Amino acid sequence: LTCATGCDMLKCVELQELNKGGLGTARAFHRRDADMTQGSIWRQLVGFSVPMAIGLLFQQLYNTVDTIVVGQFVSTQALAAVGSTSSIINMLVGLSAGLSTGASVIISQCYGAHDHHSLHDAVHTTISFTLILCVLMTLLGVCIVRPMLDMMSTPADVYGKAESYLMIYFLGISGLLLYNMGSAILQAIGDSRRPLYFLCFSAINNIIFDLLFVAVLGMGVEGAAYATILSQFLSAALVLFSLTHDHAAYGIRWRELCIRRDVLRNIFSVGLPSGIQQAITNFSNVFVQSYINAFGSACMAGWSSYNKLDAFILIPVQSIALASTTFVGQNWGAKKLARARQGVRQTLTMSLAVTALLALVLIFLARPLLELFGNDESMLEYGRRFILVISPFYVTICFNQIYGGALRGIGCAKAPMIIMLFSFVAFRQLFLLANQLLGGSFVGVALAYPMGWVICSTLLALYYRRSPLCREQPAAALETAGE
């Protein structure tokens, strides 16, 4: 629908509402969403990705604070227990994260096309499905704890603590799922600031709760788990409250919750491949963890400490990749392919520069950073060795993250899923098996991750060059988008 001036009718009505009471201009300047189909590309990417990076930084503080507190105030075995559970947790969280990516892509495309009716349906279908997902993930998570710990060959001195941590975490996983879906809605319309504010608030609370439950009350790993899920519920409550009180087309109206089959089908078509890829990859990481567990609890603690530092190093490229997905999604919806491609090039350049710098910092400050998690010499040595072997390969991650994000932005999710499953699951497991047959060296185990990154980045770069996004004619690209 268009009004007499040719603008979007619903948009025009919104602006008229904003202008009531003479506050239209002031409120318009305080819009939190962002139209990325016009204006300076690099400013929009930086403006979106920096709050996203800070948000991911605070989100990573959840488990990192847990490991620091239990490592300093409990024991090395407690540190190994909390750190070794990440593959199991991420197996389920990765599936939901993929679905939230699918929802974000569909919502960003509706927003870029200014289709307010479809935007409303996409948001309400997303929230309705998330509520169902919370129940399913809680039940599934509790059921898989013991089988997964057995599959990882978890040592006896770590098993009990890891089981307790996981049970509590999965019982409270709904908070994380609701936050992720809510923030995906906000990110899809270009708002990366509010998720940042909510995470900052929750991360600070997590630190307070960790120190209270573990250091003061002596609740051990159970206290760390309670601190995490309580903080996650706070962030979920904030993001849902914000969306409920937002009067734009993407705001939540609880009485209008529904599940539109066509919308859910589109979310699944984009998000399910990514979710399955992440779930299977993390399931395969359970077997990777078993190779690490064979070196003992000190190596497990060293790997856990390295993993927390690794997560911080990857925050910039992840946030820039998310910016690429939203940017490409909006410009794809607006049929501006040349602008979308230019955004991909700029995000790749940005991610390479930042990641290379952070990799150097990690290498030169390896020991003092590892000492944040404890002072056990064996743990510190294992952690340092992991850093020296893996860090030089970080720049290769930029290619698979940026190209994968761009392809998802146009709704092409199957190819990245297949490529990543091959690289991160099949190839990685074959690499580890070959290393085991050759003697099972530590360096061989450590190289399993970077070799997978190299293969994945090479294949995704080749596929991206042949994708609909890189074709000159928008019509031809749109016709083949679903292939």
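Student: What is the relative accessible area of F268?

Tutor: The relative accessible area of F268 is 29%, so F268 is partly exposed. Buried means under 20%, exposed over 50% and partly exposed in between, using a 1.4 Å probe and protein chains only. This is a predicted model, in which local features need pLDDT of at least 70 and side-chain atom pairs pLDDT 80 or more, while totals for chains, interfaces and linings use all residues. Residues are numbered from 1 along each chain as its sequence is written, and side-chain values use heavy atoms, leaving out hydrogens and water.

Student: How is a pair of aromatic rings described?

Tutor: By the distance of the centres and the angle of the planes. Rings of Phe, Tyr and Trp (its six-membered ring) pair if their centres lie within 6.5 Å; planes under 30 degrees apart are stacked, over 60 edge-to-face, and the rest tilted. The whole structure holds 15 aromatic pairs. For F129 and F268, the centres are 5.3 Å apart and the planes at 75 degrees, so this pair is edge-to-face.

Student: Which parts does the pair of F129 and F268 tie together?

Tutor: F129 lies in helix α6 and F268 in helix α11, so the pair ties together parts 139 residues apart in sequence. Helices are DSSP runs (H or I, at least four residues), as are strands (E, at least two), numbered from the N terminus. F129 is buried, at 13% relative accessible area.

Student: What kind of pair do F427 and F431 form?

Tutor: Their centres are 6.2 Å apart and their planes at 35 degrees, so the pair is tilted. Both F427 and F431 lie in helix α18, four residues apart, about one turn of the helix.
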